[in-house]
Every structure is written in C-alpha cells, then in structure tokens.
Amino acid sequence: MRRTCTALVRDLEIDIPVNPDDLVERLCARMGERLGQPVHYLLVRFPPESATGLWIDTGTAHYLLCERDTSGWHRVAITAHEFWHVEAGHGSLGVGVGDRDLPQLLLPSLDPSTVARIVAQRTYCSNQAEQEAEFFSSLLMAKVSRWLPRQSWSVPDHAAALVDRLETTLGHRPARRQDG
Ligand SMILES: [Zn+2]
C-alpha cells in the first residue's frame, strides 16, 4: 500500500500550492499509466444520502466520480479512496440496490451494458475493503496535503465526520467556514 502511494506521487511535476483538482488529474494520469487504461476524473453531484465517490470500471476505462459540492481537500481524499479500490481490484462493494442506477443517473452518456463493476463509497461502511481504502486515502493525504492550498472551506454535514477524522489523523486543521 505504501509502495503504491509512493509510486503515485513520485516526481510529480506540480506547482505548489497545487489546485486540488489539478492534483487529482495528475494522480489519475499516473494511475492510468500503471493500469495501461485511461482513468477519468469526473466531478458530479451525488443524490443526497447516496455516496460521495464512485468507481466505474467499463473493462477498457475507469471513471472516478467525485462529489462536486465539497472542499478541494475532501475531493482529493475521496478520489484517493477510490484509487485503492482500483489498485486492489475490489469487486462490486458498498453498492446498495438504488446505487445500481447511479452510473446512469450521474453519467447519462455511459452505456449501462459496458459497466463491468461499480464501487460506491460509503462513509459508514465497515467492511475490510472500505477500511483499506480509507487507510490508503489517509496515507496519500499525508503525502500530498502539504501541497494543497491552506484555505477556508465548508463541508456538507454528511462529509464532516470523515473530514474530521482525516484531519485528526493528519494533525491538519484548516479554519472551517460554515455557510448559511
Ligand atoms: Zn470505498
């Protein structure tokens, strides 16, 4: 897990501080080189109470869908979590009945028959694959968080627990602004 993490960030040519989405794009490109298949990063708006991240494997390409309405810092953490599912080749996990429709809902242009497997991220999922993915996410965040801009940001309620946990793990506590 540490080796994968190091391989993903090694010799990345980026300006610091890096825009979080640019960083994710670079990491996806790196991931794509490792897999020999394109890895696409897409920002979408997930339905409430569904998920914040989703990996769709079509057999020839990978789509990492990430919640748009959260902080840049959280978007990197969400995508890092999905990276581990891809790297470990996890099967269809954390996918509830309603989630079967998520790819179609979030990516209407995607042909459902090409979806080989989907993995949804659940904040409160206790199975081992989810725990591994969370751990990998915190490993990667420990490496890249210092490259990200320090900023004020707000986090939706459903994501706050995860972000708090990650911040505590990393000893990183940016000032948080509450909107509304
Ligand atoms: Zn997951």
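**A tour of the helix contacts and loops**

Select helix 2 and helix 3 to begin: the crossing of helix 2 and helix 3 is right-handed (the near helix is turned clockwise from the far one by less than a right angle). Helices are DSSP runs of H or I with at least four residues and strands are E runs with at least two, numbered from the N terminus. The model is a predicted one, in which local features need pLDDT of at least 70 and side-chain atom pairs count only at pLDDT 80 or more, while totals for chains, interfaces and linings use all residues. Residue numbers start from 1 along each chain as its sequence is written.

Helix 2 covers residues 20-35 and helix 3 covers residues 72-88; they pack at about 10 degrees, with axes 9 Å apart. The axes are lines fitted to C-alpha atoms over the stretch in contact, and angles run from 0 to 180 degrees between N-to-C directions. The pair is therefore roughly parallel (angles under 35 degrees; over 145 is roughly antiparallel, 65 to 115 roughly perpendicular, and the rest oblique).

Next, display the contact itself. Helix 2 contributes Pro-20, Asp-21, Leu-23, Val-24 and Met-31, and helix 3 contributes Gly-72, Trp-73, Arg-75, Val-76, Thr-79, Phe-83 and Val-86; residues are in contact if their C-beta atoms, placed from the backbone, lie within 7 Å. By class, the contact of helix 2 with helix 3 has 8 nonpolar, 2 polar and 2 charged residues. Here Ala, Val, Leu, Ile, Met, Phe, Trp, Tyr, Cys and Pro are nonpolar, Asp, Glu, Lys and Arg are charged, and the others, Gly among them, are polar.

Centre on Asp-21, which lies in helix 2. Beyond its neighbours within four places in sequence, Asp-21 is in contact with Gly-72 and Arg-75. Asp-21 counts as partly exposed because it has 16 C-beta neighbours inside 10 Å (20 or more other C-beta atoms within 10 Å make a residue buried, 12 or fewer exposed, and values in between partly exposed, with C-beta atoms placed from the backbone). A distance to draw is that between the C-alpha atoms of Asp-21 and Tyr-41: 8.8 Å, for residues 20 apart along the chain.

Now follow helix 3 along its length. Its 17 residues reach 25 Å from first C-alpha to last, close to the 24 Å expected (1.5 Å times one less than the number of residues). Helix 3 is largely enclosed by the rest of the structure, because 14 of its 17 residues are buried. Just after helix 3, select Gly-89, which takes a positive phi of about 65 degrees.

Move to helix 1 (residues 2-9) and helix 5 (residues 128-144), which pack at about 40 degrees with axes 10 Å apart. They are therefore oblique to each other, and their crossing is right-handed. Arg-2, Cys-5, Leu-8 and Val-9 of helix 1 meet Phe-136, Leu-139, Leu-140, Lys-143 and Val-144 of helix 5. This contact of helix 1 with helix 5 divides into 7 nonpolar, no polar and 2 charged residues.

Finally, inspect the backbone in two loops. Between helix 1 and helix 2 lie Asp-11 and Pro-17. Asp-11 has a positive phi near 55 degrees, and with 6 C-beta neighbours inside 10 Å it counts as exposed. Ile-16 and Pro-17 are joined by a cis peptide bond, with omega about 0 degrees. In the loop between strand 1 (39-44) and strand 2 (53-57), select Glu-49. Its phi is positive, near 65 degrees. Most residues other than glycine have a negative phi, and most peptide bonds are trans.

Conventions. Contact = placed C-beta atoms within 7 Å.
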